[in-house]
Amino acid sequence: MKIQIKRYTSEPEIKEEVLAYEMELEDPTLLEVLGHIKTTQDSSLSFSSGCRSSVCGSCSMRVNGREVLACAYKVQEGDLVEPLKNVPVIRDLVVDMDKAYSMNVRAKAWLEGSSDVALSPEDEKRNERQSDCIMCGSCYSACPVYAVNGEFLGPFALTRVWRYVSDGREEGEEAKIHNVQSNGVWDCTLCNECTLVCPQDISSKADIEKLRATSAQYGCMDPNFGSFGGGFGFDGSPSF
Amino acid sequence: MNNYKTDVLIIGAGGAGLVAALNAHKSGAKVTVLTKEYPTRAQTSMAQGGINAALGHAGEDSVEDHIQNTLKSAQGLANEEAVRLMCNEALEAVAWLDSIGVPFSRTKESKIAQRTLGGASAPRACYAQDYTGLKILHTLYDRVMAQGIEIKNERYLLNFITNKDKHEKSYACGATILNIKTGEVETYEAKSVIVATGGYSKIYHKHSTNAKGSTGDGIAAAIRAGARLSDMEFIQFHPTALKNSSILISESARGAGGYLLNSKGERFVDELLPRDQVARAINDQIQAGEEVFLDIRHLGEAFIMEQLPQERKLAKLYENVDPVNDLIPIKPVAHYTMGGIEVDKNSHTKLKGLFAAGECANHKVHGANRLGGNSLLELIVFGKQAGKNAAAWAKSFDNAIETSEQTLSAQNFVKGVKYFTNQIDFYQKHQFLGNIFYNNAGISKDEMGLKAVLGAVRQIQKEIPFMGPKDKSNIYNTNLVDFIEFGNMVELCEIILVSMISRNESRGAHYRSDIPNPNDMAYKAHTITWKEDGVLCADFME
């Protein structure tokens, strides 16, 4: 089995190259292949990994241009492995997630004040999927808006905002909504790339649509449409 | 230049570290949290089953039953006072998690849902599908962000910094840290330090459910700095990990009615006994040439998708079986380390100023065998305790902090280790170590086997200068980090083996096939280990 890996280092000087590796492994995951290369062929190969069971979000990268978790992807002959896009590469497949993580802080993605309400199974289901997020960053890598606007809050941060806004315990819903108006809910093009690459089957696009509908309820409109009279999102789906 | 100051320094940003951070911050201390990865990547994310609290939402339960179940499973090695504290505080702990937004699964009556795990007399584990740890960890992380607490990522602990007071007594006052991103050594001065770095199951290499980072860094650094460790021989094997990949299949699968079957399709053990007993029963079958399977087919697809979605995905990916239609091939593997840094009832270690919480600490609530659902609980209850007490310690701290000598020694270490000769491959040695530990220092062991492993470990210790990282780079050198982690594990291996050999009895997870019964007269006591001038010492203490 042969795969190619895009390598990058900045010391002693910046160097980028695609290297080919060959190994004999039966039906391996990409993470097993990378581990095999590191421990038996090239100890300088750098990548992040943790749980190997798709919950820690460490090993996101791209294969043939598509975002995957290395631990959940079965390698095919000739695959090209590259780091995530739209993030600084530190070395090889390791990227700097600090900025994407900081979007959660800008988006104030936490429970603002807690009211003592009893949640039903239906309440819980409203954000069950959103709270499966592992912050692997695949969605930021795939997002064409974030690619051109580094200030865009981006998919997982907005999904996280929806997680808390939709939580019956949240008391600060309105402030949360106002906080995601600029470089937030209206900047998304609803292209759905984030949904397609999410290893946890979360649709940030759908969450952003729900945030738009809630925004409209609080009188926040799409700034691109000025005084358009309608109340809901412009794709015509006031969905919850 | 690479010198930072804080009140409370926390090493590790899993559940225990984050809870400690929130509580130290609440007490008014300036807090800095360091993690060798990112906080949401911690081992806590892998906890699936739940967090115990005797809420009685799914059947009659009481705090006293929770206490008694925990004490029974601990087989005489728990500290009853600590267990009582933990079980009593469980209700408040879960209420607090609920108040900060943890999305627990709910009952029809709009209460937090609970399910049964092994060794529990009632459905007691509060859960969020099979993502309990993930959802608790992420919610804690969000809370820490809301409080503006500083977390620095990709910082690897080298050593704790200690100074001596006027009575020549050591105290912890910081740590030397490798910044993985730059390769530079950083020095953190602190009035108190909390270690929350997790367990050491990764010693078993591929025979462990744990994430890559469970290498016992904080425990090894603590004993080097003068703290004591206890009960290091007690290592829990989880009965049901996927056979080829050691991926965990949660105990909730058995709690919900899953069966264990051998190749003949026979059940051979009560699936809901505590983990040590189930793991041994499975091991006996495997030793007798049987294959062992987990069968949850009869639970039905709807139930599996609702309660065990992660398990289904992982079984398909790693074993090519769909639990809805197929048997799941399993084996027991190393899962949780009960032993750790010895702490008093304030989470304070023997080294003044150094506190510990979570899996790296031994609060003596698990004893010889941990119950499922008690480790998430432990990290909330004792993370809080450690955070508060470390903040109080910092407030009254009035000693000097001198770091230059220890910083220099850390710098020299990081520089020098790259000159090790590399004649021996440490990755191979880790694999070898994992195999011999699994076979001879695992679920079942005897004196002969343990002494052979100890001989091998002492040989590896001698060979370490002939190993080393092949990669000499500064920036993001994971080969270097892997090697230092390996060194920490080898240091702990000796301690674990000496403890296993010293305990001439069987108790809970420590099963000696040559002495299969407990001996309360001699060994109903904790194994304490420490170092004097670099020499390992061991003793038993009540």
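Guide: A point of terms first: two strands count as paired when DSSP finds at least two bridges between them. The model here is predicted.

Visitor: OK. In S4(A), what is the bridge partner of Arg62(A)?

Guide: Glu67(A). Strand S3 (residues 60-63) of chain A pairs with S4(A) in the antiparallel sense, over four bridges.

Visitor: What's the strand order in that sheet?

Guide: S2-S1-S5-S3-S4 in chain A. The sheet is open, has five strands and shows mixed pairing.

Visitor: Which strands stand at the edges?

Guide: Strand S2 (15-22) and strand S4 (66-69) of chain A. Each has a single partner strand, so one side of each lacks a neighbour in the sheet.

Visitor: And how many degrees are neighbouring strands turned against each other?

Guide: 35 degrees on average, direction ignored.

Visitor: Switching to chain B. At what angle do the axes of H12(B) and H13(B) cross?

Guide: Roughly 165 degrees, for helix H12 (residues 426-440) and helix H13 (residues 447-463) of chain B. Their axes come within 10 Å. That angle makes H12(B) roughly antiparallel to H13(B).

Visitor: Left-handed or right-handed crossing?

Guide: H12(B) passes H13(B) in a left-handed crossing.

Visitor: Which residues meet there?

Guide: From H12(B), they include Leu433(B), Ile436(B) and Phe437(B). Among those from H13(B) are Leu450(B), Val453(B) and Ile460(B). The contact residues divide into eight nonpolar, two polar and one charged.

Visitor: Now the contact of chain B with chain A. How many residues from each?

Guide: 40 from chain B and 41 from chain A.

Visitor: What gives the most on the chain B side?

Guide: H4(B), with six residues. That side of chain B divides into 16 nonpolar, 12 polar and 12 charged residues.

Methods
Residues are numbered from 1 along each chain as its sequence is written. Chains are lettered from A and ligands numbered from 1 in the order in which they are written. This is a predicted model: local features need pLDDT of at least 70, side-chain atom pairs count only at pLDDT 80 or more; totals for chains, interfaces and linings use all residues. Axes are lines fitted to C-alpha atoms, for helices over the stretch in contact, and angles run from 0 to 180 degrees between N-to-C directions. Helices (H or I, at least four residues) and strands (E, at least two) are DSSP runs, numbered from the N terminus. Angles under 35 degrees count as roughly parallel, over 145 as roughly antiparallel, 65 to 115 as roughly perpendicular and the rest as oblique. A crossing is left-handed if the near helix is turned anticlockwise from the far one by less than a right angle, and right-handed if clockwise. Two residues are in contact if their C-beta atoms, placed from the backbone, lie within 7 Å. Ala, Val, Leu, Ile, Met, Phe, Trp, Tyr, Cys and Pro count as nonpolar, Asp, Glu, Lys and Arg as charged, and the others, Gly among them, as polar.
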